[in-house]
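Please open the model in your viewer and keep the selection tool at hand. The tour below moves from one selection to the next and says what is to be found at each stop.

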Amino acid sequence: MRYTGPKVRLSRRAGTPLTRKAVSYFEKRPYPPGEHGRRVRRSTSDYAVRQAEKQKLRWYYDLSEKQLARSYETARKRPGRTGEELIAELETRLVSIVLRSGLAPSIYAARQYINHGHITVDGKKVDIPSYQVKSGQVIGVREKSRQMVPFVEASEGVHADDKTAGYLAVSHKDLRVAVVDRPKREQVPVPFDEQLVVEYYAR
């Protein structure tokens, strides 16, 4: 199952901000949640470290256990390094593209926009957040949704990162995103060690 509780609480459990909103909260309370959060001792076994990194990645991309395991299996069958292919696989999910391009303020909002039918791929409505976007495809916002406040903000670049991901061509004004290449690891600002995730699944 995907986590549906407080998102800042997840960041504190993970030990790193998982959303933009969590950054300020995390700076104030950089310890696990709960009454005894400051005193909790973390296990440092190899297994615990790998499992924790897997959980961070899962929470960051808002995935269920099955979804992440399925993405790993797909990445494992590709010719490149499994960890890098895993990140590329996760980054090319529609929900990730909507977030990374600045069309949504968080991955949770991106999922909601897609589920509610506001997002298109090559001009056709797609309401599946896990849809795998291919190079050359164009993501946009349905015409009748463009006057909604979140998308007006997106068109002004409110939710955009300081630097656009190198594998995307983004026009915020037009609410349009083209995937120009498969993501390379150095282009993805995910603050995790994907090799530990690979080791977790390969155990």
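In which helix does I107 lie? Select residues 107-115, and you have helix α7, which holds I107; helices here are DSSP runs of H or I with at least four residues, strands are runs of E with at least two, and both are numbered from the N terminus. Before going further, note that this is a predicted model, in which local features need pLDDT of at least 70 and side-chain atom pairs count only at pLDDT 80 or more, while totals for chains, interfaces and linings use all residues. Residues are numbered from 1 along each chain as its sequence is written, and side-chain values use heavy atoms, with hydrogens and water left out.

Stay with I107 and display its surroundings. I107 counts as buried at 5% relative accessibility, where buried means under 20% relative accessible area, exposed over 50% and partly exposed in between, with a 1.4 Å probe and protein chains only. Leaving aside residues up to four places away in sequence, I107 touches Y60, Y61, D62, V95, S96 and L99, a contact being heavy atoms within 4.5 Å. One of these, V95, is 12 residues from I107 in sequence, and the two C-alpha atoms are 6.6 Å apart.

Now turn to the aromatic rings. The structure holds six aromatic pairs; rings of Phe, Tyr and Trp (its six-membered ring) pair if their centres lie within 6.5 Å, and planes under 30 degrees apart count as stacked, over 60 as edge-to-face and the rest as tilted. Select Y47 and Y200, which form a tilted pair with 5.9 Å from centre to centre and 35° between the planes. Because Y47 belongs to helix α3 (residues 46-60) and Y200 to helix α9 (residues 194-202), this pair ties together parts that are 153 residues apart in sequence. Of the two, Y47 is partly exposed at a relative accessible area of 40%, whereas Y200 is buried at 10%. Select next Y60 and Y61, whose ring centres are 5.1 Å apart and whose planes stand at 75°, so that the pair is edge-to-face; both Y60 and Y61 are buried.

Five strands form an open, antiparallel sheet in the order β2-β1-β3-β5-β4, with two strands taken as paired if DSSP finds at least two bridges between them. At its edges stand β2 (124-125) and β4, each with a single partner strand, so one side of each has no neighbour in the sheet. Select residues 119-121 and 138-141 to see β1 and β3 pair over three bridges, with I119 opposite V141. Then select residues 168-171 and 176-179, where β4 and β5 pair over four bridges and S171 stands opposite R176. Four residues lie between the strands of this hairpin, in which L175 takes a positive phi near 50°.

Of its 203 residues, 48% count as buried.
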